[in-house]
Amino acid sequence: MPETQSARGPQGAVELKLDLRSPLQSAEKLQDKDSSFLEGSASELPVLEKTKGITAFQALIHLVKCNMGTGILGLPLAVKNAGLLTGPLSLLAMGFIACHCMHILVRCAQRFCHRLNKPFMDYGDTVMHGLEASPSIWLQNHAHWGRHMVTFFLVFTQMGFCCVYIVFLADNLKQVVEAINGTTISCHNNETVVPIPTMDSRLYMLTFLPFLMLLVLIRNLRVMSILSMLANISMLVSLIIISQYIAQDIPDPTQLPLTTSWETYSLFFGTAIFSFESIGLVLPLENKMKDTRCFPAILSLGMSIITALYIVISVLGYLRFQNDIKASITLNLPNCWLYQSVKLLYITGILCSYALQFYVPAEIIIPLAVSRVSKRWALLLDLSIRFTMVSLTCILAILIPRLDLVLALMGAVSSSALALIIPPLLEITTYYSEGMSPFAIAKDALISILGFVGFVVGTYQALDELIRPEHPTTFSNSTSFI
């Protein structure tokens with residue numbers, strides 16, 4: 001009998017079994033179930049799992065709120081990197097392309113479900129079967145690498161989210177602590193307060209490490225749903241307060257550049273695609289709907305709302321703070337208790353979200369390792385891997401302490417692959433043998449090439465900004481060091 005671990009979700013409606021002697025199958029099941037954790041803090045696996053079928057409106061709400069993570073807070077700086085005109089237009093184009101790639105993924109998954117008589121197919125399965133359907137014998141023989149590649153990028157993306165969260169936590173807590181003596185009750189006519197230097201922001205990251213280690217010990221889906229709810233409420237309230245603030249007292253924007261150089265635009269690309277990367281949620285969300293026929297319309301409507309929100313928040317944030325905009329718009333808020341509480345709310349939400357984002361890579365990697373040791377050492381190895389993974393995210397955050405560059409780097413490396421490069425190639429491998437128009441092939445090739453160029457250039461520029469010696473570590477839009 002294989003040894004299993006079970007965790008029941010809210011009201012006992014979901015049971016998650018980890019087969020420790022079948023790690024590959026366990027990882028596949030976990031990817032199927034946990035894809036709804038793949039963007040932002042708002043994705044709620046327990047909520048989706050406990051419902052036999054969600055309505056179109058519920059699917060729309062899930063889709064929209066799953067994109068309201070930390071990425072949206074970095075978009076005003078991204079628009080600064082692209083220009084007042086180029087930035088919003090690029091966000092509009094990227095939103096359209098990202099939505100189109102999601103539709104491609106849904107169509108390919110539906111096709112293989114009908115062909116193979118399967119009720120559901122995840123991202124990795126779809127890519128694997130797409131390679132099997134390609135005319136290339138080599139691709140057919142190596143189709144299983146498609147699933148492994150998708151799993152790798154999913155794990156990399158989730159670990160990247162965790163790194164972003166640690167930098168975000170350190171930035172915002174450091175600012176709250178340093179300005180606490182100058183924090184006022186009234187938010188009207190609040191003057192800029194010179195912060196009192198405390199400790200290096202990297203020490204703040206280490207301060208969070210023990211709390212993060214405790215959070216990742218949570219594996220019960222009922223507790224996960226509570227953390228998800230707390231994160232959703234904290235971020236929603238904070239975002240509403242931020243939106244009303246940046247819409248007031250906008251300075252004259254005539255001096256702002258309409259476009260910028262390609263070097264800074266490449267940083268915009270990484271941050272923007274990081275924000276749009278919710279493609280891992282699409283297939284699990286469609287599978288949970290009562291009527292999947294209306295899902296394409298829901299997907300288009302949801303992505304339209306998301307794109308519009310991104311454009312409004314990013315443009316208003318850039319117009320409001322102009323050249324003083326920081327890596328996260330929360331760092332530009334005034335030093336009164338209302339807006340300081342916004343930072344504390346976001347810190348609470350991000351702490352809760354860390355456990356959610358960590359859940360996916362942990363439950364993919366740990367069963368693979370635990371299956372290779374005896375039962376006696378299973379728990380010790382499980383805890384060791386969890387603590388090692390948390391420490392790794394903290395170390396990476398310390399090595400890359402600039403929030404804007406972490407967003408750009410993670411977006412360029414993993415999000416561009418999952419959201420832009422793979423789906424068009426998947427459509428070609430799926431439908432090429434059945435006949436595709438030259439226009440469709442050219443369109444898919446163009447999207448993948450653009451995604452690959454963004455991947456290469458965005459990664460290079462982010463790494464270059466990190467290692468360039470003539471650039472000091474302290475920036476107005478980055479973490480400050482003493």
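Where does Gln 322 lie? I looked this up first, bearing in mind that the model is a predicted one. I found Gln 322 in the loop between α13 (295-321) and α14 (337-370).

Entry on Gln 322. I checked the backbone and noted a positive phi of about 50 degrees, although Gln 322 is not a glycine. Most residues other than glycine have a negative phi.

Entry on α5. I compared the length of this helix, residues 86-116, with what its residue count predicts. The 31 residues of α5 should span 45 Å at 1.5 Å a residue. I read 44 Å between its end C-alpha atoms, which agrees.

Entry on Asn 117. Just after α5, I came to Asn 117, which takes a positive phi of about 60 degrees. Asn 117 is not a glycine either. I placed Asn 117 in the loop that runs between α5 and α6 (123-132). Its relative accessibility is 70%, and exposed means over 50%, so I wrote Asn 117 down as exposed.

Entry on the surface. Which residues form a nonpolar patch there? I listed Ile 226, Met 229, Leu 230, Ile 233 and Val 237, with about 410 Å² of accessible area together. I looked up one of them, Met 229, and found it in helix α10 (residues 221-246). Met 229 has a relative accessible area of 42%, so I recorded Met 229 as partly exposed.

Technical notes. Residues numbered from 1 in each chain as written. Predicted model: local features only at pLDDT ≥ 70, side-chain atom pairs only at ≥ 80, totals over all residues. Heavy atoms only, no water. Helix = DSSP H or I, 4+ residues; strand = E, 2+ residues; numbered from the N terminus. Buried < 20%, exposed > 50% of the residue type's maximum accessible area, 1.4 Å probe, protein only. Patch = residues over 30% accessible without salt bridge, like charges linked within 9 Å, V, L, I, M, F, W, Y side chains within 5 Å. Areas by Shrake-Rupley, 256 points an atom, 1.4 Å probe, with all protein chains shown as cover. Salt bridge = Lys/Arg side-chain N within 4 Å of Asp/Glu carboxyl O. Expected span 1.5 Å × (residues − 1).
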